[in-house]
Amino acid sequence: MRKTIAATTFALLALGVTESALAYVGPGAGLSLLGALWGLLLAVVAALGFIVLWPLRRMLKRRRTPGTVTAGGPQSSAAQAAHDGAPSSRSGAS
């Protein structure tokens, strides 16, 4: 607790003692910086959105598709035909 108070006091004193830098950021550099920051922020938000929504989309897709092949579940008609030895409907199959 004592270290936190000392660190906060030091930070406030350091901020109060500093002088202005008298620097100028032109409109071109400022807009470039803002554009880069917005691009980075949107990329992070999009990545997190895809990570969060991917399992939900996959679950909804499985719910909508009635004949999905699962482990031990029903086989598709092409797989069943190949298993039975019937010729496949795909072109070029021998």
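Of the 16 residues of helix α1, the number buried is 0, so this helix lies largely in the open. Helix α1 covers residues 2–17, and from its first C-alpha to its last it reaches 23 Å, close to the 22 Å expected at 1.5 Å a residue.

Stepping back, the protein chain has 3 helices and 0 strands, which gives the pattern α-α-α when read along the sequence.

Next comes helix α2, which takes in residues 27–64. With 38 residues, α2 spans 52 Å between its first and last C-alpha, close to the 56 Å expected at 1.5 Å a residue.

Now look at the surface. L31, L33, L34, L37, W38, L41, L42 and V45 together make a nonpolar patch of about 850 Å². One of these residues, L42, sits in helix α2. Because its relative accessibility is 54%, and over 50% is the cut-off for exposed, L42 counts as exposed.

Finally, how confident is the prediction? The chain averages a pLDDT of 80, and 70% of the residues score at least 70. Among the elements, α2 has the highest mean pLDDT, at 94, while helix α3, residues 77–84, has the lowest, at 57. Where pLDDT is low, the predicted coordinates should not be read in detail.

Methods: Residues are numbered from 1 along each chain as its sequence is written. This is a predicted model: local features need pLDDT of at least 70, side-chain atom pairs count only at pLDDT 80 or more; totals for chains, interfaces and linings use all residues. Side-chain values use heavy atoms; hydrogens and water are left out. Helices (H or I, at least four residues) and strands (E, at least two) are DSSP runs, numbered from the N terminus. Patches are made of residues with over 30% relative accessible area and no salt bridge: like charges are joined within 9 Å, nonpolar side chains (Val, Leu, Ile, Met, Phe, Trp, Tyr) within 5 Å. Accessible areas come from the Shrake-Rupley method with a 1.4 Å probe; for residues, only the protein chains shown count as cover. A salt bridge is a side-chain nitrogen of Lys or Arg within 4 Å of a carboxyl oxygen of Asp or Glu. Buried means under 20% relative accessible area, exposed over 50%, partly exposed in between (1.4 Å probe, protein chains only). The expected span of a helix is 1.5 Å times one less than its number of residues. pLDDT is the predictor's confidence in each residue, from 0 to 100.
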